[in-house]
Amino acid sequence: SSGSGQYTFSTNAQTIAGTQAYTITDLKNSITTGNGLTFTTNNPTVTTLTQNSSILTFSGTVPTITTLTANTGINTVQYTSGSSQTIKGTTYYYLTLSGVGTKTLGGATVTNGTLTVSAGTLALSTFDFTANGSTSITGTLNDASATGTNIFKAVTINNGGTWSNSNNPAFTFRGNLYVYPTSTFSSGSGVYTFDTNPAEIYGGGGQAFTITNLTNNITDSGGLTIFDTYTTVTNLTQGTNAVLIFSGISPPVTTLTATASGNTVKYTSGSTQTIKGTTYHHLTVAGGTATLGATTTVNGNLTVSAGTLALSSSSFSVTGTSSITGTLTDSSSSGVNTFTGAVTLNSGSTWSSSGNDGFTFRGGLTVNSTSTFSSGSGIYTFDTNAQTIAGTQAYTITNLTNNVTTGNGLTFTTNNP
């Protein structure tokens, strides 16, 4: 009979064991060395167990603990059995799982520090799980339930680690997802949502993996960055005002839905890229040479801040404004190119139409100083809206057709062209 006084374990690593069922009403753990305080059996029942910046280890069947307070200070709770264990549903700071057994959530669980699965299996089950710190998986993380909310800040699947889902649960990521060689990643068809913080998806060391359904809701300018061609996404959907960055050779996306209001897709590789042919809201090129892979529509604004946008033979249209600081080039004589909003060539930019393709303008054209403008011999048609041709740089348009019938029609505000 423990009474209601507090039983404090401190100083030396030690165990609570025995073959007799018994109860400790109030237990405080202050051990910081070795494996800390280790429960080797489930015979003791603990009414209240409080961690005090300490280490707590469950090496056998987890005892009944009514209230486990493990979120104060920087403390660690370890589940180390080679057999099955049930993880106490509570809020942890550091949570570490080892041993070959399966550790299954017994209730809603939160980790505020690092979650480490060094061996064995973490089975998320039907309960809500939130990892507010980083997650390192060398063993297995498995979710066989479609219910329960799964939120992770940053996840690393280390060499030999496994991420497995059999009933297509959804996951939310608020940080990076790194998948390294010799690991196994099975996303299932549940939606993987990235939100809140800038994040990266990366297949380290050439590790290929697939996410079936991904939604990007990151609105920070850092956005969601997909680094390489090893990460394949079957369906990627941009949320309102979301920012998506492709920094690899080409976007490994089967279906890209990027029409949501205010969202931006950026191509930033320092080498060549293929722009996914689809409908964008805002589209930005800021790297090497990004070439259209198919018909492309921009409902918002086009920005070429650096590098080259190569229009190729595919049709291209921009509804909003187009701001060119890098290079826009068209080496093909085919493809319909329509710019509904104003087109501005900023200082130092280049416009080149070596394929003599035609262009249609409905919002005007401005070519500013120190830019280079080579129109080619294709017809530049101005139609639909009253608009201006302006700029501080001398330039030549070889063939121009004016079909503007409204307002002042087509207005030249300078003698530079």
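How many bridges join strand 23 and strand 25 (residues 209-216), and in which sense do the two strands pair? They pair in the parallel sense, over 4 bridges. The model is predicted: local features need pLDDT of at least 70, side-chain atom pairs count only at pLDDT 80 or more, and totals for chains, interfaces and linings use all residues. Residues are numbered from 1 along each chain as its sequence is written, and side-chain values use heavy atoms, with hydrogens and water left out.

**Strand pairing**

- Helices (H or I, at least four residues) and strands (E, at least two) are DSSP runs, numbered from the N terminus, and two strands pair if DSSP finds at least two bridges between them.
- Strand 23 (residues 191-194) also pairs with strand 20 (residues 171-173), in the parallel sense and over 3 bridges.
- Between these two strands, F173 has F194 of strand 23 as its bridge partner.
- Towards strand 25, the bridge partner of T193 is T215.
- Strands of a sheet pair through backbone hydrogen bonds, either parallel or antiparallel.

- An open sheet with parallel pairing is formed by 6 strands in the order 9-12-15-17-19-22.
- Its edges are strand 9 (85-87) and strand 22 (184-185); each has a single partner strand, so one side of each is left without a neighbour in the sheet.
- Strand 9 runs parallel to strand 12 (residues 102-105), and 3 bridges join the two.
- I87 has L105 in strand 12 as its bridge partner.

**Aromatic pairs**

- The whole structure holds 35 aromatic pairs, where rings of Phe, Tyr and Trp (its six-membered ring) pair if their centres lie within 6.5 Å; planes under 30 degrees apart count as stacked, over 60 as edge-to-face and the rest as tilted.
- One of these pairs is F129 with F152, which is tilted, at 5.6 Å centre to centre and 50° between the planes.
- F129 lies in strand 16 (residues 129-137) and F152 in strand 18 (residues 150-157), so this pair ties together parts that are 23 residues apart in sequence.
- F129 counts as buried because its relative accessibility is 0% (buried means under 20% relative accessible area, exposed over 50%, partly exposed in between, with a 1.4 Å probe and protein chains only).
- F152 is likewise buried, at 0% relative accessibility.
- The rings of F152 and F171 have their centres 6.1 Å apart and their planes at 35°, so that pair is tilted.
- This second pair links F152 in strand 18 to F171 in strand 20, 19 residues apart.
- F171 is buried, with a relative accessible area of 1%.
- Ring pairs join F129, F152, W163, F171, F173, F185, Y192, F194 and F209 into a cluster.

**The largest nonpolar core**

- A nonpolar core is a set of buried Ala, Val, Leu, Ile, Met, Phe, Trp, Tyr and Cys residues joined through side-chain atoms within 4.5 Å.
- The largest one has 89 residues, of which F152 and W163 touch the most other members.
- Strand 33 (residues 282-292) gives the most to this core, with 4 residues.
- Not counting residues up to four places away in sequence, F152 has contacts (heavy atoms within 4.5 Å) that include L115, L124, L141 and W163.

**Salt bridges**

- There are 2 salt bridges, each defined as a side-chain nitrogen of Lys or Arg within 4 Å of a carboxyl oxygen of Asp or Glu.
- One is between D195 and R174, with the closest N and O atoms 2.9 Å apart.
- D195 is in the loop between strand 23 and strand 24 (199-203), and R174 is in the loop between strand 20 and strand 21 (177-179), 21 residues apart.
- D195 is buried, with a relative accessible area of 15%, whereas R174 is partly exposed at 31%.
- D383 forms a salt bridge with R362, the closest N and O atoms being 2.7 Å apart.
- D383 belongs to strand 45 (residues 379-383), while R362 sits in the loop between strand 42 (359-361) and strand 43 (365-367), 21 residues apart.
- D383 is buried at 14% relative accessible area, and R362 is partly exposed at 28%.

**Around N337**

- N337 is found in strand 39 (residues 337-339) and is buried, at 2% relative accessibility.
- Its side chain makes a polar contact with the side chain of D357 (3.0 Å); a polar contact is a pair of N or O atoms within 3.5 Å, where within protein one must be able to donate a hydrogen and the other to accept it, and residues adjacent in sequence count only if both atoms are side-chain atoms.
- Leaving aside neighbours within four places in sequence, N337 is in contact with residues including L311, F316, D330 and F359.
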